[in-house]
Each structure stands twice: as C-alpha cells, then as structure tokens.
Amino acid sequence: MERMNNKPKWMAVKRACCSLFPLTCILRRHSSCRYLVDTVAGDPEVLQADAETYYEKLLKQSSSAPDIFSIPGGEKVKLEDSCVCFVPLYRNSPTCKMLLLTDPQDKETVLALYMNQRWWPVEDVVKTADPSRDGLISVQTLGERIVLFVLNCIIFGMPEENSSNGAFFLPHSATECAKILWRNGEAVAFYSVKMKVCLKYLQAYPEEQKRLWEVEAPGDWSQRVNIWLKIQMESSLSGRHGIHS
C-alpha cells in the first residue's frame, strides 16, 4: 500500500496540466471572442462604401453557386440579391445605411447585418465581450448606435409596427440621447427621451413641469435632471447656434 501511494511526481504534474488545459483553452477562446460593438470603428460612410462594394460583388456572383450564411443553430441561407437590402441607420439621414440579410421565407425577419467585411447574426450584434459594459450606459460609439438600431427597429420595433394603433419605433437620429441596459454581456433594453413628445405633454399640462424627471440609479439629486428644464436649455442652445450660423 505504501508503494502504491508513492507515485512519481511527474504523474501528478501531468494530471495537473491536463486538468488545467481545458480551462486555458476556454480562457483563450473567451479573450479572442469580440463582438461588433467591441470592434467597429471609423467613418460610417466608409463602412457603408465597403458594404456597397460587397453588394456589387454579390450581384455579379453566379446564381448556381451563391455564398452561404450559416445561422446559429445550423440553418443555412443563400446570400442572394432577393434576401439583402440597405436600410438607414439614422432617422432623416439616408447617407448612412447598413446592409441587412432577411429570411427568404419571411422578409420582415432580419437574420444578420453586414459590417467590417463580414456578416454578424442579429443575436451577436447585441452582445459584448467588454466587461465594462454593464448596467445602463449612454450610447456614444458607432457600435453602440448600431446596437441601439437593432434593439429599436429589429428586436423590439418589428412587432410594434403591426399594433392596432399603428405606432412603431422609428430609428433614432444621429444625435438623439439614448441609453442601453447591458446585462451579462448582452444588451437587453434601451430607453430614449423623445423631447418633442415631452414638450407637447408639458405644454398641455404645465402643472407636471416640476414633476417629470430623468433619473439614473440609484437616484441621488446629482443623478436627476428636470425634463422641462432640459428642453428649455436645449432650445436655448439651438437658438444660439442658429444665430451664429
């Protein structure tokens, strides 16, 4: 029994290395996994030009041997002209567009987005490998604007378009203030303040002007902004810019 317990030290080292090897692989794989929001940068118009170049090549390819896009889950979709389309990223700004891939069986279902010379599945567009993206964060980068578009117009917006009152989410403008809620490496919600809507409401009900606030958690006074005051300040700044221009 004593001889059996005194195993060579190299065997213990070998076992330790074997047990650590899968973990090392997982860590390496995780560190190299970066999503669109973590990588996209540069001029939106340059990225659009790249998408247009790709689209032209797509039109010229042989219909007998089209490129294939594999959807997470195993299904494969042919990359054909009938399944792709350009849509504006921003409201009232047709110069910045994105190339989308739609389901051949259901044109209202978006499957992927073309950016940085590759197709990104919709479910990957709203993911991040950056641990600092956690909680409610202001939209600032181009990648975050794209995530906002996907949340607003593709994931949440499409069902709203068929609502009984005809209301649906329009794309945000390029300068519209918005925030995304990130949880466990994924964008799960967003909110934006529609100043024109708020203005009409507060003008119609002036007694609410002191009651409507934009509040960030945990809600200290330094994290609160009165909406009516914010509208007045933005209007004042817009007037000044108009005078100087």
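The model here is a predicted one. Together with Trp 213 and Trp 221, Val 215 makes up a nonpolar surface patch of about 350 Å².

Now for the sheet. Strands of a sheet pair through backbone hydrogen bonds, and they can do so in parallel or antiparallel fashion. In this model, an open sheet is built from 4 strands in the order E3-E4-E5-E6, and the pairing is antiparallel. The edges are taken by strand E3 (84-90) and strand E6 (118-121); each has a single partner strand, so one side of each is left with no neighbour in the sheet. Going from one strand to the next, the twist averages 55 degrees.

Inside that order, strand E4 (residues 93-103) and strand E5 (residues 106-115) pair up in the antiparallel sense over 5 bridges. Thr 102 stands opposite Val 110, which belongs to E5.

Two helices pack on this sheet. Helix H4, spanning residues 44-60, touches E3, E4, E5 and E6, and its direction makes about 45 degrees with that of E4. Helix H6 (residues 142-155) also packs there, touching E3, E4 and E5, with its direction at about 110 degrees to that of E3.

Terms used:
Residues numbered from 1 in each chain as written. Predicted model: local features only at pLDDT ≥ 70, side-chain atom pairs only at ≥ 80, totals over all residues. Heavy atoms only, no water. Pairing = 2+ DSSP bridges. Axes fitted to C-alpha atoms, helices over the stretch in contact; angles between N-to-C directions. Contact = heavy atoms within 4.5 Å. Patch = residues over 30% accessible without salt bridge, like charges linked within 9 Å, V, L, I, M, F, W, Y side chains within 5 Å. Areas by Shrake-Rupley, 256 points an atom, 1.4 Å probe, with all protein chains shown as cover. Salt bridge = Lys/Arg side-chain N within 4 Å of Asp/Glu carboxyl O.
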